[in-house]
Amino acid sequence: MAQPDTLTRIAPDLTPAPIDPAVRIGHVHLKVADLDRALAFWCGVLGFELIQRYGSQAAFVSAGGYHHHIGLNTWESRGGSPPPRGSTGLYHVALLYPSRATLADALRRLTAADVPLDGASDHGVSEALYLRDPDGNGVELYRDRDPADWPRTPDGRLAMVTRPLDLDGLLRNAPSGAPAR
């Protein structure tokens with residue numbers, strides 16, 4: 001296994017021809033054990049819209065009417081268990097919220113549904129909530145700060161941090177009158 005300092009030293013050589021900067025991650029497809037349970041979380045708790053369902057085998061959910069941001073399927077995993085810790089696979093899927101208020105609404109939804117958090121961090125560049133879906137998949141819900149507010153070193157390089165996120169302060173930014181689901 002390469003040492004971190006070795007990776008840092010060679011990193012500029014790893015991308016001699018960078019990918020087009022307009023490339024975006026279009027969707028993630030998750031293996032789940034129980035499609036109804038997964039939909040109860042992704043749609044019922046987080047608020048994604050069900051776009052299409054293929055019986056008990058697969059479903060596609062979206063924010064804002066896109067064909068799908070998240071695919072859920074049981075093709076290789078019906079009744080299965082999460083991968084054991086210490087194995088390879090998805091660390092987490094990160095969902096970018098457009099504002100502090102929408103992230104606060106997500107926290108309110110999680111609280112109302114008794115979904116526990118694995119963590120909550122202020123990274124200077126972003127505020128993030130970490131949790132697991134019913135199948136053990138890691139989920140990060142976050143919002144970015146304006147790049148003009150990102151912490152920087154004296155020479156201008158990015159200086160991300162990891163500090164505890166003030167959850168009560170975040171919740172005070174939730175839209176008033178919006179029902180928790």
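1. In what order do the five strands of the open sheet lie? The order is 5-8-7-6-9. Pairing in this sheet is mixed. Keep in mind that the model is predicted.

2. Now look at the edges. Strand 5 (93–97) and strand 9 (163–164) are the edge strands. Each of them pairs on one side only.

3. Strand 6 covers residues 119–122, and strand 7 covers residues 126–132. The two run antiparallel, and four bridges join them. Take aspartate 122 as a case to find by eye: its bridge partner is glutamate 127, in strand 7.

4. On to the aromatic rings. The count comes to three aromatic pairs. One of them joins phenylalanine 41 and tryptophan 42, with ring centres 5.2 Å apart. Their planes meet at 85°, so this pair is edge-to-face; the cut-off for that label is over 60 degrees. Phenylalanine 41 is buried, and tryptophan 42 is buried too.

5. Another pair is made by tyrosine 54 and phenylalanine 60. Here the ring centres lie 5.8 Å apart. The planes stand at 90°, so this pair is also edge-to-face.

6. Are tyrosine 54 and phenylalanine 60 buried or partly exposed? Tyrosine 54 has 44% relative accessibility, so it counts as partly exposed. Phenylalanine 60 has 13% relative accessibility, so it counts as buried. The cut-off for buried is under 20%.

7. Last, a cluster. Phe41, Trp42 and Phe48 form one aromatic cluster. Phe41 and Trp42 are the edge-to-face pair from point 4.

Methods. Residues numbered from 1 in each chain as written. Predicted model: local features only at pLDDT ≥ 70, side-chain atom pairs only at ≥ 80, totals over all residues. Heavy atoms only, no water. Pairing = 2+ DSSP bridges. Phe/Tyr/Trp six-rings, centres within 6.5 Å; stacked < 30°, edge-to-face > 60°. Buried < 20%, exposed > 50% of the residue type's maximum accessible area, 1.4 Å probe, protein only.
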